[in-house]
Amino acid sequence: MKHILTTLLCLSIGLMAQAQTESIIQVTGQSEVATNPQIAVFTYRISANEKNYDTAVETMNTRVNSLIGQLKKSGFKEEEIKTSQFNIRESKIYNQGKVSGEEYIASQTLVVKFAYDVKKLLNVLNTTTAKESAPNLSISFELSEAQKELTRTVLLKAAIKDALEQAEILSLQAGYEIKGVKEISHYANNAQPMAKTMEFDMVRSMADSNTSSYQPSDMVVTDQVSVTYIIVKKS
């Protein structure tokens with residue numbers, strides 16, 4: 001956990017009489033935390049271009065099976081390899097601006113996730129960049145479940161603290177003091193994975209050099225709460 005910033009997102013102040021001496025004030029507290037993601041996500045896209053429908057599917061399946069075999073060699077279990085987004089479409093072939101024929105493009109996506117470690121990352125790259133599968137690869141990072149839970153707790157506490165500080169300042173300036181809480185509304189913002197997409201040649205080059213320049217940087221996560229406080233006129 002790197003740092004916590006609490007900032008004023010917006011203020012919506014409404015003073016409405018509930019009794020002779022009670023009113024309400026509504027404020028929005030915001031929190032922000034930057035943390036280094038611990039989970040690496042490899043998304044492979046396999047495709048095959050053939051003039052025949054069945055051949056396109058067969059070629060793609062051969063490449064998918066080859067990649068699955070490579071992933072298993074890297075230590076992934078069958079259930080850890082997720083396949084999705086199977087697609088096949090017909091496309092025209094152009095030659096000098098004119099249609100010269102048609103082809104079928106078949107594609108499928110495979111996804112694996114693992115705890116980030118540079119040696120593990122390089123090992124996966126080295127064993128999943130064979131020309132038999134020729135995948136395009138997108139590498140992204142996301143928070144682990146433990147990080148999500150910890151971050152959620154820290155963000156909520158910071159947002160509530162921010163809201164209370166705002167309410168105290170504003171109430172004091174208006175000659176009021178806080179008596180209690182009437183309502184709390186929570187608006188969660190989920191962290192989006194950071195992604196970098198690489199074509200097959202770039203992936204192959206990284207694997208051959210046995211180095212990875214792609215390190216996870218801090219992921220900024222924000223949260224906010226809207227709190228309605230009961231306030232009373234200072235005596």
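These legends accompany several close-up views of one predicted model. Because the model is predicted, local features need pLDDT of at least 70 and side-chain atom pairs count only at pLDDT 80 or more, while totals for chains, interfaces and linings use all residues. Residues are numbered from 1 along each chain as its sequence is written, and side-chain values use heavy atoms, with hydrogens and water left out.

**View 1**
The mean pLDDT of the chain is 82, and 79% of the residues score at least 70; pLDDT is the predictor's confidence in each residue, from 0 to 100. Confidence is highest in helix α3, at 94, and lowest in strand β1 (residues 3-12), at a mean of 39. Here helices (H or I, at least four residues) and strands (E, at least two) are DSSP runs, numbered from the N terminus. Over residues 2-20 the pLDDT falls below 50, although this stretch has 49 contacts in the model beyond near neighbours in sequence (a contact means heavy atoms within 4.5 Å). Where pLDDT is low, the predicted coordinates should not be read in detail.

**View 2. Helix α3 covers residues 145-173.**
Which residues of α3 are buried? Among them are Gln147, Thr151, Val154, Leu155 and Ala158. (Buried means under 20% relative accessible area, exposed over 50%, and partly exposed in between, using a 1.4 Å probe and protein chains only.) An α-helix has 3.6 residues a turn, so residues three or four places apart point the same way. After α3 comes glycine 175, with a positive phi near 85°.

**View 3. Lysine 179 and glutamate 22 form a salt bridge.**
Their closest N and O atoms are 2.5 Å apart; a salt bridge is a side-chain nitrogen of Lys or Arg within 4 Å of a carboxyl oxygen of Asp or Glu. Lysine 179 belongs to strand β7 (residues 176-188) and glutamate 22 to strand β2 (residues 22-35), so this pair ties together parts 157 residues apart in sequence.

**View 4. Lysine 92 pairs with glutamate 102.**
This salt bridge has an N to O distance of 3.5 Å. Lysine 92 sits in strand β4 (residues 82-95) and glutamate 102 in strand β5 (residues 98-115), so the pair ties together parts 10 residues apart in sequence. Lysine 92 is partly exposed at 43%, as is glutamate 102 at 39%.

**View 5. The largest nonpolar core has 26 residues.**
A nonpolar core is a set of buried Ala, Val, Leu, Ile, Met, Phe, Trp, Tyr and Cys residues joined through side-chain atoms within 4.5 Å. Phe42, Tyr44, Leu71 and Leu110 touch the most other members. Helix α1 (53-73) is one of the elements supplying at least two residues, and its 7 residues are the largest share. Leaving aside residues up to four places away in sequence, phenylalanine 42 touches several residues, including Leu110, Leu121 and Ile139.

**View 6. Glutamine 85 has a positive phi, near 55°.**
Glutamine 85 is found in strand β4 and is exposed, at 59% relative accessibility. Glutamine 96 also has a positive phi near 55°; this residue lies in the loop between β4 and β5 and is exposed at 78%.

Methods:
The expected span of a helix is 1.5 Å times one less than its number of residues.
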